Amino acid sequence: MTVLDTAAAPVGTLLRQWRQRRRLSQLDLAVASEISARHLSFIETGRSRPTSAMILRLSEQLDVPLRERNALLLAGGFAPAYAEHELDRPELAAVLAAFRRVLAAHQPYPALLVNRWWELVEGNDAIEVFTEGAAPHLLEPPVNVLRLCLHPDGMAPHVVNLGECRGSILGRLRRQADVTGDARLDELYRELRAYPGDEAHGSAGVVMPLRYRYRSRELSFFSISSVVGSPMDVTVEELAVESFYPADEQTAAVLRGQPRVSGAPHPVHRHG
């Protein structure tokens, strides 16, 4: 799918693009939104101007991300409904503190906080397992963790199952770009897709491990993503914690034996 074209597009056109992106008919969306299909057709063609409440109702049914809901409201001539605060602002102090507790508590295993575009916001000490030996230009903020993982000057030479990881990462990124209609994610996908390496899909196990050579040992991880439930702020919705867990006892033992300076997370790049 191509990304959504939001530049000066009428709100009805944008809503139609979102409906088509979700593969819904006008009747499907109308029934879910408790409006007539005729009314929805008039909105999409510009014959009827939707209220801000109607835009938000349709956006909810279409599962439009908060950033794009604000864009729809602006296209309809209304003010944004969702705030977007910098992560270090007082309004998000409690959220940031919670994220930091999660990162610190995950020691001695790697955990990192990323934004919508996979830029590293903060990470705990254990992520040094992945960043050690990477080219300096890949570690300059904003660090893109997917670029770091698949770039030939980054983690890629140390990933034993690189084909599986490439397939998983590119598939996930492609789906994310399709769901959000985000041009930056689409551009990132094209960049990573051009890096050298084959792709393998599927795994015989319950989860696909990341098998990684760290110094003289092969470590095995699986990851879990965590997000905030029911966010009402654009910044908060776009943050996720990626937590890596040892997939075998040898990996756990190696990580438990690693010397660490502290258990506090490292701020790397502020969202925005």
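**Aromatic pairs and strand pairing**

Five aromatic pairs occur in the structure. The model is a predicted one. One aromatic cluster is made up of Phe130, Tyr212, Phe221 and Phe244.

**Aromatic contacts**

- Phenylalanine 130 and phenylalanine 244 form an edge-to-face pair, because their ring planes stand at 65°, with the centres 5.1 Å apart.
- Phenylalanine 130 belongs to helix 7 (residues 128–131) and phenylalanine 244 to strand 5, so this pair ties together parts 114 residues apart in sequence.
- Phenylalanine 130 and phenylalanine 244 are both buried.
- Phenylalanine 221 also pairs edge-to-face with phenylalanine 244; the ring centres are 6.3 Å apart and the planes lie at 90°.
- That pair links strand 4, which holds phenylalanine 221, to strand 5, which holds phenylalanine 244, across 23 residues.
- Phenylalanine 221 has 0% relative accessibility, so it counts as buried.
- Phenylalanine 244 has 15% relative accessibility and therefore counts as buried.

**Strand pairing**

- Strand 3 (residues 210–214) pairs with strand 4 (residues 217–226) in the antiparallel sense, over five bridges.
- Arginine 211 has serine 220 in strand 4 as its bridge partner.
- Two residues separate strand 3 and strand 4 in a hairpin, and arginine 215 in the turn has a positive phi of about 55°.
- Strand 4 also runs antiparallel to strand 5 (residues 240–246), joined by six bridges.
- Proline 246 in strand 5 is the bridge partner of phenylalanine 221.

**Charges over rings**

- Arginine 47 lies over the face of phenylalanine 42, 4.1 Å from the ring centre.
- Arginine 184 places its charged end over the ring of tryptophan 117, at 3.9 Å from the centre.

Technical notes. Residues are numbered from 1 along each chain as its sequence is written. This is a predicted model: local features need pLDDT of at least 70, side-chain atom pairs count only at pLDDT 80 or more; totals for chains, interfaces and linings use all residues. Side-chain values use heavy atoms; hydrogens and water are left out. Two strands pair if DSSP finds at least two bridges between them. Helices (H or I, at least four residues) and strands (E, at least two) are DSSP runs, numbered from the N terminus. Rings of Phe, Tyr and Trp (its six-membered ring) pair if their centres lie within 6.5 Å; planes under 30 degrees apart count as stacked, over 60 as edge-to-face and the rest as tilted. Buried means under 20% relative accessible area, exposed over 50%, partly exposed in between (1.4 Å probe, protein chains only). A charge sits over a ring if NZ of Lys or CZ of Arg is within 6 Å of the ring centre and within 35 degrees of the ring normal.
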